[in-house]
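Biologist: Could you walk me through this one? I'm new to it, so please spell out your terms as we go.

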Amino acid sequence: MQMSLEQTYKAVILKEMLEQELKELESVQKNKGRKKMISRATMRKILKRSFIWLPVFMIFVNYVRNGIDPFIFIYAPVFLFYTSVYTSVILLFLWIYNSAVKYFLRKKKVNPKEVAFYEQNKKVVKVNIKTVELALKNQSSLMPKYHTKEVLEQLIAYKREGRVKTDQDAIKLFTKEHPSHAQPVSSKSGRVFTKMSLLIRTFIGTVAAASLFASGINHQKYRKGW
């Protein structure tokens, strides 16, 4: 029994939910215990703010010491240099801190029950994803290129609006309104010909570039001879 348009849509949504669940499980298992580490996003914020506030601080210190200096912009390269040095030192200490946290996490004993829990759940989710994929491949009345949430929502909307009556009519209307989703008619020989033509063009371009390079060298030698 083939799956209808609505059933295909539900299967696609279910597959997306299962894939998201698998990603979350892998992320939680991978990043467990790394909450104490400083993220790269935080480091980028520190880097940006350092290059903004450290020069401002240096200008303020210069103002307190020397008052208004009309030639303060001359010291801009010096301010930039010290900003780079101070920022590098800060980031170095943060990197050392993250490395220390990683080291202690590796030395920490892993709970076998916890690992088994994640692996078992990941295995179940993967089996469910495979089951849904097989159902979409073997039982859906639509081609795989239509197995996306956006396309299926549009096809269902055609039926609800009364513009079409059957799933096939919905596909025809969608193909008519969106020509880019039309079924390609290229054959295997056509694909082979396309690959061969691309290789030939690449070879010709390489030969032409080598020829130009060689002619340039010869021209330089000719000029030196004169």
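Biologist: Which residues does asparagine 98 touch, not counting residues up to four places away in sequence?

Modeller: Keep in mind that this is a predicted model, where local features need pLDDT of at least 70, side-chain atom pairs count only at pLDDT 80 or more, and totals for chains, interfaces and linings use all residues. Residues are numbered from 1 along each chain as its sequence is written, and side-chain values use heavy atoms, with hydrogens and water left out. Asparagine 98 sits in helix H3, helices being DSSP runs (H or I, at least four residues; strands are E, at least two) numbered from the N terminus. Taking contact as heavy atoms within 4.5 Å, its partners are Met37, Ile38 and Met43.

Biologist: Is asparagine 98 buried or exposed?

Modeller: The scale is relative accessible area: under 20% is buried, over 50% exposed, and in between partly exposed (1.4 Å probe, protein chains only). Asparagine 98 has a value of 9%, so the label is buried.

Biologist: Which residues are closest to the centre of the second largest pocket?

Modeller: On a 1 Å grid over the protein atoms alone, a pocket is an open set of points where a 1.4 Å probe fits, with protein on both sides within 12 Å along at least five of seven lines; lining residues have an atom within 4 Å of a point. This pocket has a volume of about 310 Å³, meaning the space filled by probe spheres set on the points, which are joined across faces, edges and corners. Of its 10 lining residues, the closest to the centre are Met37, Ile38, Arg40, Asn98 and Lys102.

Biologist: Which helix gives the largest share of that lining?

Modeller: Two elements give two or more residues to the lining of the second largest pocket: helix H2 (40-66) and helix H3 (76-107). The largest share, four residues, comes from H3.

Biologist: What kind of aromatic pair do phenylalanine 81 and tyrosine 82 form?

Modeller: Rings of Phe, Tyr and Trp (its six-membered ring) pair if their centres lie within 6.5 Å; planes under 30 degrees apart are stacked, over 60 edge-to-face and the rest tilted. Phenylalanine 81 counts as exposed at 52% relative accessibility, while tyrosine 82 is partly exposed at 38%. Their rings are 5.5 Å apart centre to centre, with 70 degrees between the planes, which makes the pair edge-to-face.

Biologist: Last one: how many helices does the protein have?

Modeller: Reading along the sequence, you get the pattern α-α-α-α-α-α-α. There are zero strands, and the number of helices is seven.
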